[in-house]
Amino acid sequence: MTGQRLGQGSPPLDAPAADEPPALRGAPEGRPPGSARHGSPQPLPGTVREELVLERIDRARRSRPRVREDRITMSHGAGGKATQTLIQAVFLDEFRNPVLEPLEDAARLAVGGARLALTTDSYVVSPLFFPGGNIGDLAVNGTVNDLATSGAVPLYLSAGFILEEGFEVATLSRIARSMREAADAAGVQIVTGDTKVVEKGKADGCYINTAGVGLISHDLDLGVAHAQPGDAIIVSGPIGDHGITIMLARGELDIEADVASDTAPLAGLVARLLAATSGVRALRDATRGGVATILNEIATSANVGVLVTEKDIPVRTEVRGASELLGIDPLYVACEGRLVVVTAADAADQALAALRAHPLGEQAAVIGRVVADQPGIVQIKTAFGGTRIVDLLVGDPLPRIC
């Protein structure tokens, strides 16, 4: 948009496409085309346009996933639509089995009479060190959290390192020390690993891959597919801290904000929650793609609608301000120490009290409900009194945040 102002050589942002039929131009039934309120890019509630938009979204989601690109792009690793399409069209198609198919954060396995959870993750965060943490404690906490949100008690981790030729040994020692300290804090042990070195220029200093094993000792069957109309949706604290911290730590923007990553092990918080109530239906940690991605996974997996209220979503003032300057919605920004909880309506108060009684959940809040209307769609009640659709992003405005 260099050298070009809106209105000079380009249509307004909310102008309809030249070939867009009148029914899609925001005019409610019975109102002449072109009489929609000026400046509203969202379809007006109850209009033909709204129905057609929802129909298109539903049709697209029901179609067979297919990767249209010939080569992998950054969007494929961002946790949004492109990532989900890649997983379903390539990996799930080839590896399909009953254990993998739920696509939860960890696989649940029955081994010798015991129920285990198994997860794996890779960390390519840039920069390696940032306010509140580094790639080492992030790798431990992220893996512990994937086990915890599956309802397991985390026990053992593996750690694989891909190192670039020339990487400083002192820096690697700092990372390893952080991992050990994080493992001690989470009550897990790193019991096996692997190291590979690639030529200079073939990696970005250090990448870490982890796997984790945990024990499931309760009878709950947790999963976003179990959400039911009337269920409450809770977040365990302010969202977006981690993603904004990483973006500002890169030093590419002239923005200063007193924010730090929320990276933390959630196993203790989850244990307190599950001990307080048996009404929990699903748990997720909101990493890539943020809370918005989790809400869409709930809606599509359970074939329900989700309605959240903007004013109820906790966001720190510094994170909201930085997000506005960057043109980013905090709902899509990654966290590394926040839970999204789906719980039965009659268990919501108990769940909220249990979360708030733990240091990592003091600012927990109910942000919305599962509804029967418009299955597969997430909507938000805005601060201005309207509603808008919260869809999955194709990619992520903040790449390499974990």
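## Sheet and nonpolar cores

In this predicted model, Ser158 has Ala211 of strand E7 as its bridge partner. Strands E5 and E7 run antiparallel to each other and are joined over 10 bridges. Helix H4 packs on the sheet, where E5, E6 and E7 are touched by the helix. The direction of H4 makes about 175° with that of E5.

The sheet is open and has 5 strands, in the order E1-E2-E7-E5-E6. Its pairing is mixed. Strands of a sheet pair through backbone hydrogen bonds, in either the parallel or the antiparallel sense. At the edges are strands E1 and E6, each of which pairs on one side only. On average, neighbouring strands of this sheet are turned by 20° against each other, with direction ignored.

The residue ranges of some of these elements are as follows.

| Element | Residues |
|---|---|
| Strand E1 | 107-111 |
| Strand E5 | 153-164 |
| Strand E6 | 189-198 |
| Strand E7 | 206-216 |
| Helix H4 | 169-186 |

The nonpolar residues are considered next. The largest nonpolar core has 81 residues, and Val291, Ile298 and Leu331 have the most contacts inside it. Helix H7, residues 290-302, supplies the largest share of this core, with 7 residues. Apart from this core lies another of 5 residues, including Ala106, Ala117, Ala152 and Ile216.

Which residues does Val291 touch, not counting those up to four places away in sequence? The residues touched by Val291 are Val235, Ile239, Ala286, Leu331, Val340 and Ile367, once residues up to four places away in sequence are left out. In soluble globular proteins, nonpolar side chains tend to be buried together.

Key
Residues numbered from 1 in each chain as written. Predicted model: local features only at pLDDT ≥ 70, side-chain atom pairs only at ≥ 80, totals over all residues. Heavy atoms only, no water. Core = buried A, V, L, I, M, F, W, Y, C linked by side-chain atoms within 4.5 Å. Buried < 20%, exposed > 50% of the residue type's maximum accessible area, 1.4 Å probe, protein only. Helix = DSSP H or I, 4+ residues; strand = E, 2+ residues; numbered from the N terminus. Contact = heavy atoms within 4.5 Å. Pairing = 2+ DSSP bridges. Axes fitted to C-alpha atoms, helices over the stretch in contact; angles between N-to-C directions.
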